[in-house]
Amino acid sequence: KYGRTYNFSAGPAMMPEEVLEEIAAEMMNYRGSGMCVMEMSHRSKVFQQIRDEAEADLRTLMGIPDNYKVLFVQGGGTVQFAMVPMNLMKNGVACYVETGNWSKKAIKEAQKYGEVKIVASSADKNFSYIPDCSDLDIPDNADYVYICENETINGTTYFKLPDTKGKVLVSDQSSMFLSRPCDVSKYGLIWAGVQKNVGPAGMAVVIVREDLLRDDLPKFVPTYMSYKTHADNDSLYNTPNCWAIYCCGKVFKYLLKNGGLEAMNKRNEEKAAILYDFLDQSKFFTGAVRKEDRSLMNVPFVTPSKEQDADVVAASKAAGFDNLKGHKSVGGLRASIYNAMPKEGVEALVEFLKKYEAEHT
Ligand code: PMP
């Protein structure tokens with residue numbers, strides 16, 4: 001009814017329509033406050049309630065244990081590449097699993113602050129699988145083991161977490177956050193840029209075990225970059241991204257109302273199966289990832305040639321689909337089908353691809 005397209009962007013990405021409608025309805029005057037949330041003091045009672053509810057709802061959704069803090073930190077995902085080593089590298093040694101572009105960026109950033117040991121990698125096959133992490137060579141003095149749990153560009157995901165041999169597990173969940181149930185107690189720290197499955201870009205949610213918060217950070221660490229700064233101040237040390245917190249809070253409520261993470265997982269499995277089943281039988285389109293590691297969120301695929309890749313992207317745009325071009329580092333096509341992508345969107349895409357194949361082979 002709004003002329004919206006099926007937007008397959010890897011992020012920023014689609015939001016649930018009902019959430020956008022609610023936000024629109026509250027735009028000019030948020031619940032009798034006389035102002036929009038964008039215009040509100042972050043110290044006001046009305047905003048405090050928005051923040052507190054967002055945290056409480058996220059805690060309920062994920063079943064976050066009491067000994068974990070929930071932080072809303074500005075700067076999106078990239079800032080977390082630096083905050084993680086700055087805060088957690090006590091001995092100056094960290095283990096990273098290299099599974100694609102986003103873990104490579106995290107590694108590069110961590111190398112500024114200490115020694116990085118790459119304990120497993122899928123670089124040998126263009127990051128098309130998740131390496132075996134059942135017996136990693138982790139040094140005794142390692143501060144943590146880091147993974148990118150869903151590689152947005154390469155389209156891989158972990159269905160089994162690494163054996164960290166008792167070390168703290170740190171996970172970048174940006175492109176799979178809230179897409180399936182998560183046992184938070186298995187992690188020391190989870191972080192997620194919110195612009196894929198939750199809300200507007202520019203903010204990350206950080207879930208961190210309390211004993212990892214430190215007073216004794218190196219002097220060079222900016223005040224803002226200390227997790228403890230945020231934990232001690234309810235993420236209100238400075239003016240937070242109030243708008244993003246508000247929008248994320250709406251999505252948390254929407255997810256709770258719609259069956260929580262179990263229901264999301266079921267829906268996401270169904271949606272992804274529609275696309276993967278098609279790719280598996282197609283003689284023209286090929287999925288780019290080993291079957292057992294395929295992401296339910298980001299689905300990269302290719303045609304027999306670069307020219308045909310480009311032609312399908314152009315034709316898909318003309319047919320009303322958006323953002324199907326693969327990331328420049330891998331080419332081909334990629335459909336990102338986060339929580340808010342309706343099943344009808346995936347079905348329509350498959351219909352389009354089927355027709356294209358029939359007409360071009
Ligand atoms: N990690 C992952 C898995 C991502 O997909 C992205 C962004 N696409 C980032 C980190 C970086 O996030 P940001 O652009 O918010 O800095």
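Which residue does the UniProt annotation "binding site" (unreviewed entry) cover? That annotation covers Arg43; UniProt positions follow the numbering used here, feature names are shortened, and annotations may be inferred rather than shown by experiment.

## Before you look

This is a predicted model, in which local features need pLDDT of at least 70, side-chain atom pairs count only at pLDDT 80 or more, and totals for chains, interfaces and linings use all residues. Residues are numbered from 1 along each chain as its sequence is written.

## The whole chain

Let's start with the overall picture. The chain holds nine helices and 14 strands, where helices (H or I, at least four residues) and strands (E, at least two) are DSSP runs numbered from the N terminus. The radius of gyration is 21 Å, close to the 21 Å that the globule rule gives for 361 residues, so the chain is as compact as a globular protein of that length. That radius is taken over C-alpha atoms, and the globule rule is 2.2 Å times the number of residues to the power 0.38.

Of the 361 residues, 44% count as buried. A residue is buried if 20 or more other C-beta atoms, placed from the backbone, lie within 10 Å of its own, exposed if 12 or fewer, and partly exposed in between. The UniProt record (unreviewed entry) also gives "domain: Aminotransferase class V" for residues 5-349, and the end C-alpha atoms of this span lie 11 Å apart.

## Back to Arg43

Find Arg43 in the loop between α1 (17-25) and α2 (45-62). Arg43 is exposed, with 9 other C-beta atoms within 10 Å.

## Around the ligand

The residues surrounding the ligand include Gly11, Trp102, Cys148, Asp172 and Ala201. Helix α3 (residues 76-88) supplies the largest share of this shell, three residues.

By type, the shell has three nonpolar residues, eight polar and one charged. Here Ala, Val, Leu, Ile, Met, Phe, Trp, Tyr, Cys and Pro count as nonpolar, Asp, Glu, Lys and Arg as charged, and the others, Gly among them, as polar.

## A closer look at helix α7

Helix α7 (residues 260-281) has 22 residues and reaches 32 Å from its first C-alpha to its last, close to the 32 Å expected at 1.5 Å a residue. The expected span is 1.5 Å times one less than the number of residues.

Its buried residues are Met264, Asn268, Lys271, Leu275, Phe278 and Leu279. An α-helix has 3.6 residues a turn, so residues three or four places apart point the same way. The buried residues of α7 pack against several elements, including α6 (242-257), β12 (298-302) and α9 (343-360); two residues are in contact if their C-beta atoms, placed from the backbone, lie within 7 Å.

Notes:
Near = placed C-beta within 6 Å.
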